[in-house]
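Visitor: I would like to learn how to read the features of a model like this one. Where do we begin?

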Amino acid sequence: MKRDLLLEIGVEEVPAKFMPGALAQLKELAEKLLADERLAYDSLETLGTPRRLALLVYGLAEQQGDLVEEVKGPARKAAFDQAGQPTKAAQGFARSQGVAVTELTVKQFGGGEYVFAVKKLTGHPAVELLPSFFDKIVNGLTFPKPMRWGDSEFRFARPIRWLVALFGSEVVDWGFAGLKAGNLTYGHRALCDGPVSLNKPMEYREKLRQAYVIVDQEERHKVIKEQIRAAAWAEGGQAEENADLLDEVTYLVEYPTALVGSFEEKYLALPKEVVITPMREHQRYFPVYNAKGDLLNKFVTVRNGTAEYLDIVRAGNEKVLRARLADANFYYQEDLKIPLPDLVDRLQKIVFHEKLGTVLDKVERVRQLAAFIAEKLKLSAAETADLDRAVYLAKADLVTLMVSDFPELQGVMGAEYAKKSGEKEAVAQAIFEHYLPRFAGDCLPASPIGRAAAIADKLDTIVGSFAIGIQPTGSQDPYALRRQALGICHIILDARYDLSLAALVEKAYQGFTGKVAVEVGIERVQTQLADFFAQRFNYILADQGYRYDLIEAVLAKSADNPVDAAERAKALALFREREDFVAYAQAFTRANNLAKKAVVFEPSDTLCQEPAEHALLGALRLVYQEIGEALNNKDYATALESAAKLVKPIEDFFDNLMVMVEDEKVRNNRLAMLWQSAALMSAAGDIGKLVI
């Protein structure tokens with residue numbers, strides 16, 4: 001027999017950004033725990049709104065599955081004497097497993113015969129297991145910033161206010177956090193009076209809909225998206241397609257209704273970002289554009305309720321936005337009164353980090369690092385001068401009124417004010433670009449000086465943090481060092497810059513020497529950051545679809561030059577698809593296993609005694625030259641093609657002679673050839689890391 005199961009955790013409003021992760025955790029936990037408890041089911045899903053997390057399990061078995069367990073005991077010879085009678089070893093084993101000696105069986109295992117105890121555990125009724133299952137579910141959910149309430153030490157996203165636990169029409173006898181589970185849920189906070197009684201899980205969706213709650217987040221997402229589009233089109237415009245904002249709004253409301261508001265046209269004279277930011281970031285409004293892509297003096301917002309009294313709701317939203325835009329307009333006009341270069345000295349009053357000095361100190365460090373990068377990238381004198389100017393002005397907008405109130409506009413306003421102050425377009429663009437990418441999927445800097453400024457700024461923060469002992473741990477990364485390191489890798493890969501991360505780190509570290517009290521030496525910082533950047537590059541290669549073992553092979557060689565590592569990954573992935581790759585990998589493995597015992601030196605002709613030795617040494621010299629030329633051109637496909645010429649000589653080498661002969665000189669000469677073979681064959685990556 002089967003029944004449906006409903007678990008609902010009713011809470012105070014959970015932050016929207018917590019919800020997707022929480023629902024994913026809930027689904028994963030439920031699947032694992034049900035499997036652990038041997039409870040079969042047809043399917044399950046998780047549903048959520050700001051005020052509830054729900055688990056629906058369809059077709060859950062009423063009885064836990066039986067378990068047949070075999071436990072291995074002593075060998076048959078030890079368990080039974082020559083007369084076939086059980087020994088004390090057999091009796092003790094049977095007693096420890098709770099079975100009779102006569103129930104022991106003999107089976108083959110690992111080439112010998114052993115006794116086994118076969119135990120059958122009868123499953124319990126599901127209703128007896130569900131309270132423990134629910135406990136593990138609630139305790140297993142984690143949140144970025146959990147809280148506790150009352151006198152309990154238990155933590156959750158927000159205080160739990162009610163619990164629903166239904167197995168078919170039966171209320172499960174379970175309680176948690178001082179609450180007793182029942183069959184009563186609650187609808188929309190403002191539109192539904194009193195609790196909603198549930199007779200069975202299948203009523204959950206529809207009864208909540210009647211109580212003005214669309215509990216299915218996918219349905220809610222679709223409704224909101226369609227309503228926003230329709231509302232904008234009705235006004236002759238098109239709402240901004242912003243997936244992140246749409247996802248956030250989905251978890252801000254339980255019963256969505258979209259509406260259009262407007263603001264005074266005079267504010268359209270402000271820079272577009274100044275108008276959009278208060279709407280999108282502060283009020284969660286969707287900007288509206290015309291067919292040409294011009295911003296209109298309209299917005300779409302989503303209320304948590306029905307279509308009643310929309311005029312009042314619209315007026316309230318317009319009033320809030322009007323105040324925001326009036327502030328923005330005032331800030332903009334006041335900021336324009338002071339040229340951007342005149343603000344730089346004020347950065348001396350802003351502390352970047354108590355151990356790393358002020359923002360102005362950071363600006364000077366980044367200027368030195370940017371000059372070093374410009375030299376490595378062979379930028380022209382004009383580009384280098386523009387880069388220095390951009391870095392000098394890059395942080396000046398931090399002291400403007402606009403950025404003080406709207407920090408999301410840093411860089412954006414810097415570029416705007418730079419142009420208004422008469423700076424070159426290239427300088428203004430680089431001021432904006434030096435913050436890029438700001439988040440996953442964000443655009444990358446497009447200009448050479450913007451890329452150089454972005455790399456220098458991010459690397460200064462990363463190296464400075466590691467130099468004073470600050471680095472990400474677990475899920476904690478308060479200075480977004482992982483994001484900034486990923487940004488550096490993406491910029492370098494996108495522009496195909498031939499840059500050594502170790503050289504950049506060393507130069508960045510020099511900017512702190514003698515100026516701040518660094519706590520970690522350069523050698524340690526280099527080691528830590530080599531691993532740190534390798535991890536970031538691992539994510540990038542995995543995102544591009546490379547197999548885990550190929551990534552390990554490439555990174556084991558080196559990740560210091562991201563473009564070089566990416567080329568090696570590409571070449572090795574293609575080479576791996578060849579029909580003769582298995583033979584290549586096997587030849588490498590045979591050579592590499594013995595190469596570990598080698599004394600490294602240049603093999604000698606005079607110590608070669610057999611034709612197979614001469615053949616391998618000749619092949620090594622030819623391949624060494626070919627691979628050297630290919631590596632100079634970073635042509636790893638050709639390098640691997642050349643290395644493949646060693647497969648046959650290596651096979652003949654092993655088939656026709658013994659490596660570990662008594663003559664030490666001959667033995668070492670042969671090992672040296674194998675060491676050189678393995679080294680040449682792994683020019684693109686450690687072949688030994690690949691799973692064949």
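Guide: Begin with contact. Two residues are in contact when they have heavy atoms within 4.5 Å. Keep in mind that this is a predicted model.

Visitor: Which residues of α13 meet which residues of α14?

Guide: From α13 come Val412, Gly414, Ala415, Ala418 and Lys419. They meet Glu425, Ala428, Ile431 and Phe432 of α14. By class, this contact has 6 nonpolar, 1 polar and 2 charged residues.

Visitor: At what angle do α13 and α14 pack?

Guide: α13 spans residues 412–420 and α14 spans residues 425–433. They pack at about 165°, with axes 7 Å apart. Angles over 145 degrees count as roughly antiparallel. The two helices are therefore roughly antiparallel to each other. The crossing of α13 past α14 is right-handed.

Visitor: What follows in the loop between α14 and α15?

Guide: Pro437 lies in that loop. Check omega there. The peptide bond from Leu436 to Pro437 is cis, with omega near -10°.

Visitor: Now backbone phi. Which residues other than glycine have a positive value?

Guide: Arg284 is one of them, with phi of about 60°. Its place is the loop between α8 (272–282) and β15 (286–289). Ala480 is another, with phi near 55°. Ala480 sits in the loop between α15 and α16.

Visitor: Is Ala480 buried or exposed?

Guide: Use the cut-off. Buried means under 20% relative accessible area. Ala480 has 19%, so it counts as buried. Arg284 has 26% and counts as partly exposed.

Visitor: Where does Asp494 fall on that scale?

Guide: Asp494 is partly exposed, at 49% relative accessible area. This residue belongs to helix α16 (residues 481–495). Asp494 and Pro445 are 49 residues apart in sequence, and their C-alpha atoms are 9.4 Å apart in space.

Visitor: How do I read burial along a helix? Which residues of α19 are buried?

Guide: In α19 (residues 548–557) they are Asp549, Leu550, Ile551, Ala553, Val554 and Leu555. Then look for their partners. These buried residues pack against α18 (522–543) and α20 (562–576).

Visitor: And the whole chain? What is its radius of gyration?

Guide: The protein chain has 34 Å, whereas a compact globule of 692 residues would have one near 26 Å. Its C-alpha atoms fill a box of roughly 95 × 85 × 50 Å along the principal axes. The chain holds 25 helices and 18 strands. Of its 692 residues, 49% count as buried. Take contacts between residues at least 6 apart in sequence: 68% join residues at least 24 apart.

Technical notes. Residues are numbered from 1 along each chain as its sequence is written. This is a predicted model: local features need pLDDT of at least 70, side-chain atom pairs count only at pLDDT 80 or more; totals for chains, interfaces and linings use all residues. Side-chain values use heavy atoms; hydrogens and water are left out. Axes are lines fitted to C-alpha atoms, for helices over the stretch in contact, and angles run from 0 to 180 degrees between N-to-C directions. Helices (H or I, at least four residues) and strands (E, at least two) are DSSP runs, numbered from the N terminus. Angles under 35 degrees count as roughly parallel, over 145 as roughly antiparallel, 65 to 115 as roughly perpendicular and the rest as oblique. A crossing is left-handed if the near helix is turned anticlockwise from the far one by less than a right angle, and right-handed if clockwise. Ala, Val, Leu, Ile, Met, Phe, Trp, Tyr, Cys and Pro count as nonpolar, Asp, Glu, Lys and Arg as charged, and the others, Gly among them, as polar. The radius of gyration is taken over C-alpha atoms; the globule rule is 2.2 Å times the number of residues to the power 0.38. Buried means under 20% relative accessible area, exposed over 50%, partly exposed in between (1.4 Å probe, protein chains only).
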